[in-house]
Amino acid sequence: MAEEKRTLLIVDDVELNRAILNEIFCKSYHIIEAVNGKDALDIITDKEKKVDLVLLDLVMPVLDGFGLMEILREKGILEHLP
């Protein structure tokens, strides 16, 4: 039986960047995409979705990467999410 792929969350407001990263990692990971930090936070905190790894842009609208990292740190999520 084949091993299930781990889930990679790509967070970037630039569609081309997400597409390039998706192409690079799609053979090794199940890919989920978010266009800003708020969408990423919703995905990460959704109990139905298991995110194993995050590639995070820093400069984005709505909630930037720094703001998302601060929220994740405050919630204790960074302790188990690379």
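Is Lys38 buried, partly exposed or exposed? At 42% relative accessibility, Lys38 counts as partly exposed, where buried means under 20% relative accessible area, exposed over 50%, and partly exposed in between (1.4 Å probe, protein chains only).

## Basis of the report

The model is predicted: local features need pLDDT of at least 70, side-chain atom pairs count only at pLDDT 80 or more, and totals for chains, interfaces and linings use all residues. Residues are numbered from 1 along each chain as its sequence is written, and side-chain values use heavy atoms, with hydrogens and water left out.

## Overall fold

The protein contains three helices and three strands, arranged along the sequence as β-α-β-α-β-α. The radius of gyration is 13 Å, close to the 12 Å that the globule rule gives for 82 residues, so the protein is as compact as a globular protein of that length. Helices (H or I, at least four residues) and strands (E, at least two) are DSSP runs, numbered from the N terminus; the radius is taken over C-alpha atoms, and the globule rule is 2.2 Å times the number of residues to the power 0.38.

Along the principal axes, the C-alpha atoms fill a box of roughly 40 × 30 × 20 Å. Of the contacts (heavy atoms within 4.5 Å) between residues at least 6 apart in sequence, 58% join residues at least 24 apart.

## Surface and burial

Buried residues account for 32% of the 82 residues. The accessible surface is about 5,600 Å², and 55% of it belongs to carbon and sulfur atoms; the areas come from the Shrake-Rupley method with a 1.4 Å probe.

## Salt bridges

Side chains of opposite charge can pair when their charged atoms come close. The structure holds four salt bridges, each defined as a side-chain nitrogen of Lys or Arg within 4 Å of a carboxyl oxygen of Asp or Glu.

One of them joins Glu33 and Arg18, with the closest N and O atoms 3.0 Å apart. This pair links distant parts of the chain, 15 residues apart: Glu33 lies in strand 2 (residues 29-34) and Arg18 in helix 1 (residues 15-25). Arg18 is buried, at a relative accessible area of 9%, whereas Glu33 is partly exposed, at 34%.

Asp42 pairs with Lys38 at 3.1 Å between the closest N and O atoms. These residues are separated by about one helical turn, because they stand four residues apart in helix 2 (residues 37-45). Asp42 is partly exposed, with a relative accessible area of 39%. In helix 3 (residues 65-74), Arg73 and Glu70 are three residues apart, again about one helical turn, and their side chains form a salt bridge of 2.4 Å, N to O.
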